[in-house]
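Me: I'm new to this one, and I'd like to learn how to read it feature by feature. Can we start with how helices pack?

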Amino acid sequence: MTVKVVTDSTSDLPRELADRYGINVIPQKVIFGTEELRDGVDITGDEFYRRVSGSAVLPTTSQASPGEFRELYESIADGADGIVSVHVSAALSGTVDSARSGGEQANIGCGVEVIDSMQAGMGTGLVAIAAARAAMNGGDLQQVVSVAEGAVGRSETYVLLDTLEYLQKGGRIGKARAMLATLLSIKPMIILREGIVDELGKERTHKKGVARLRRVTEDFAPLEELCVNYTTTPDEARAFAEQLQQLLPDGTEPLLAQIGPAVGTYTGPAALGVSLLRAEDD
């Protein structure tokens, strides 16, 4: 039995992990005026943040089209017993709808199951990895779907932002809108709850915000997987990951992932976050 796994580039899945687990990543689009760029293909994360920092106009984003999903599914379906497609929260993007439409249009001999991760960034990526591991271990379509759905229920993503400006202008602020009136120089913290951006807290300094991130991560323990996410501060992310190592099972290393252009459009530079999978209940 062979099950193929697909995700989109809002998963921020590092290329080496996508290659290791055989995960197919469909790029989202970042739009600067009339220029449309494929996330991770036409523009890298570092290039994106340099461009955003020097621009007075914020970019917008667009999901992959149903036709692009159809083409991808048709290109990987040969020899497959099924395709599991794991995507960014349907409350934040039309990607889930595009994937479902693409699956219905695809002329293939296997089923396509689309999973709403209820997350973004590596919150989605960790669900995709869980699905891919199940597929690599010989799981059939329904077994891989079951593993993915179980991971959705254990996935968490939260981020310390430098400013809410990008999230507000991008229209993705969700239930965190109440933070706007009290922000001033405060560092906002957001979390995805039921697929929607919600307020996690706010701190007066970045340092206090990082300490709050650590406490929240400790509260979610025991953990199965952990990824520290960053936009423009990889050294800080690496040091923070080392601090969180003890929360993982022996032999499991924290992952590091840059928040790519599609998600970075809404977080902006200088963001630091955590995505994790809580351990399954015994």
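This is a predicted model: local features need pLDDT of at least 70, side-chain atom pairs count only at pLDDT 80 or more; totals for chains, interfaces and linings use all residues.

Me: At what angle do the axes of α8 and α9 cross?

Reply: They cross at roughly 35 degrees and come within 11 Å. The crossing is right-handed.

Me: What about the nonpolar core?

Reply: In soluble globular proteins, nonpolar side chains tend to be buried together. Here the largest nonpolar core has 30 residues, and Ile 23, Val 84, Met 122 and Ile 129 touch the most other members. Several elements give two or more residues to it, including β1, β6 and α6. The biggest giver is α5, with 10 residues. There's also a second, separate core of 21 residues, with Tyr 158 and Val 216 among them.

Me: Which peptide bond is cis?

Reply: Look at the one from Ala 221 to Pro 222, with omega near 5 degrees. Pro 222 sits in the loop between α8 and β11.

Me: And is Asp 12 buried or exposed?

Reply: Asp 12 counts as buried because its relative accessibility is 9%, and the cut-off for buried is under 20%. You'll find Asp 12 in the loop between β1 and α1. Asp 12 isn't a glycine, yet it has a positive phi of about 55 degrees. Asp 12 is also one of the residues that Met 122 touches.

Definitions and conventions
Residues are numbered from 1 along each chain as its sequence is written. Side-chain values use heavy atoms; hydrogens and water are left out. A nonpolar core is a set of buried Ala, Val, Leu, Ile, Met, Phe, Trp, Tyr and Cys residues joined through side-chain atoms within 4.5 Å. Buried means under 20% relative accessible area, exposed over 50%, partly exposed in between (1.4 Å probe, protein chains only). Helices (H or I, at least four residues) and strands (E, at least two) are DSSP runs, numbered from the N terminus. Contact means heavy atoms within 4.5 Å. Axes are lines fitted to C-alpha atoms, for helices over the stretch in contact, and angles run from 0 to 180 degrees between N-to-C directions. A crossing is left-handed if the near helix is turned anticlockwise from the far one by less than a right angle, and right-handed if clockwise. Lists of a residue's contacts leave out its neighbours within four places in sequence.
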